[in-house]
Amino acid sequence: MRSGFARLHPLVDLTFFVLVLAFAMFLSHPAVQLAGLVCAALFALRCTGRGFGRRMAMLLPLMLLAAVVNPLVSHQGVTVLFRFPSGNACTLESVLYGISAAVRLGTAVLWFMGWNAVMTSDKFVYLFGRILPSLSLTLSMGLRFVPRLLRRTREVAQAQKLARPAERGWLAGIRRAGRVVSIVVTWALENALDTADSMKSRGYGLPKRTAFSLFRFTLRDGICLGVLAALGGIVLAGSLTGGLKWWYYPAPGGATGVQAALWTAAFVLLAAFPLIFDAKEAIQWRASQSRT
């Protein structure tokens, strides 16, 4: 399902993702991390739809691995839970820090799921085409090419299985994989040549070349950008003043109380902004439909 948030100006979308990804990486407060994970999961679910379950099936093992690795390599902390056969201690603090790292990883990946659905290649070129034309084009083409390559690989692999159903065994599997790689590489090279010819015919690289764009910065975009900037500034102020500070070593502790709850509430509003925006759009749509 396509989010209504994706119809906003690319600058608004970029500002949101920069803020939530930065806070997901640098804020360690458990309440902020939990809120970020929940909001990122709900937004990714709305953007990816049925494919969300398949992506989560790949993400959860990575999160589990991140949570397990830290107690194995870090033995800091004052609360010893048990000792490994090597004699090293498994501490409560290292377990909690591992869970925090897993949540941080999962939140970032979930936000990038939403990024892939919202920040399309044309938005990326629109934002950075005049500043960094070569880099923006390369990145946008790369981001677009990887999903297409994976999709084409699955299609070719399925076609090879249907064309040769009698092939069995690991040797046949290797030969089939070789054919798939050969076909996909050939397609990629032909596609690159077609893209180069298309770019040349459209005048790419010529001086003073203009570009058409459908994006227009409206009053609604300005209001949304102002709201995001205000919420981001509030969360940043809370982080700089220690209102969202949290540590795990030597013992867990950090900011609590009403002040920390207010800073966390600002972050929740920021992280849930696309969901709130989509809910408002849905309510307005139903209201307009009921009047007709």
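This is a predicted model: local features need pLDDT of at least 70, side-chain atom pairs count only at pLDDT 80 or more; totals for chains, interfaces and linings use all residues.
1. Phe-217 is partly exposed, with a relative accessible area of 44%; buried here means under 20% relative accessible area, exposed means over 50%, and partly exposed lies in between (1.4 Å probe, protein chains only). Phe-217 sits in the loop between helix 7 (170-201) and helix 8, where helices (H or I, at least four residues) and strands (E, at least two) are DSSP runs numbered from the N terminus. Not counting residues up to four places away in sequence, Phe-217 touches His-9, Leu-11, Val-12, Gly-222 and Leu-225, a contact being heavy atoms within 4.5 Å.

2. Residues are numbered from 1 along each chain as its sequence is written, and side-chain values use heavy atoms, with hydrogens and water left out.

3. On the overall architecture, the protein contains ten helices and four strands. Along the sequence their order is α-α-α-β-β-α-α-α-α-α-β-β-α-α. Of the 292 residues, 36% count as buried. Among contacts between residues at least 6 apart in sequence, 72% join residues at least 24 apart. The accessible surface comes to about 17600 Å², with 69% of that area belonging to carbon and sulfur atoms; accessible areas come from the Shrake-Rupley method with a 1.4 Å probe, and for residues only the protein chains shown count as cover.

4. The largest nonpolar core has 50 residues, and those with the most contacts inside it are Phe-5, Phe-16, Phe-17, Leu-110 and Trp-111. Such a core is a set of buried Ala, Val, Leu, Ile, Met, Phe, Trp, Tyr and Cys residues joined through side-chain atoms within 4.5 Å. Helices that each supply at least two residues of this core include helix 1 (10-26), helix 2 (30-48), helix 3 (51-73), helix 4 (92-118) and helix 10 (273-291). Helix 1 gives the most, with nine residues. In soluble globular proteins, nonpolar side chains tend to be buried together.

5. Helix 1 and helix 4 pack at an angle of about 170°, with their axes 9 Å apart. Axes are lines fitted to C-alpha atoms, for helices over the stretch in contact, and angles run from 0 to 180 degrees between N-to-C directions. Helix 1 contributes residues including Phe-16, Phe-17, Val-20 and Leu-21 to the contact, and helix 4 contributes residues including Trp-111, Gly-114, Trp-115 and Val-118.

6. The residues of this contact divide into twelve nonpolar, two polar and two charged. Ala, Val, Leu, Ile, Met, Phe, Trp, Tyr, Cys and Pro count as nonpolar, Asp, Glu, Lys and Arg as charged, and the others, Gly among them, as polar. Leaving out residues up to four places away in sequence, Phe-17 touches Phe-5, Phe-43, Trp-111, Gly-114, Trp-115, Val-118 and Met-119.

7. Leu-275 belongs to helix 10 and is partly exposed, with a relative accessible area of 22%. Beyond residues up to four places away in sequence, Leu-275 touches Cys-39, Leu-42 and Phe-43. The C-alpha atoms of Leu-275 and Cys-39 are 8.1 Å apart, with 236 residues of separation along the chain.

8. Val-227, in helix 8, is also partly exposed, at 35% relative accessible area. Val-227 and Phe-273 are 46 residues apart in sequence and 9.2 Å apart in space, C-alpha to C-alpha.

9. Two loops deserve mention. His-75 is found between helix 3 and strand 1 (80-83), is partly exposed at 30% relative accessible area, and is in contact with Phe-84, Asn-88, Ala-89 and Thr-91, neighbours within four places in sequence being set aside. Pro-250 lies in the loop between strand 3 (246-247) and strand 4 (253-254), and the peptide bond from Tyr-249 to Pro-250 is cis, with omega near 0°. Most peptide bonds are trans.
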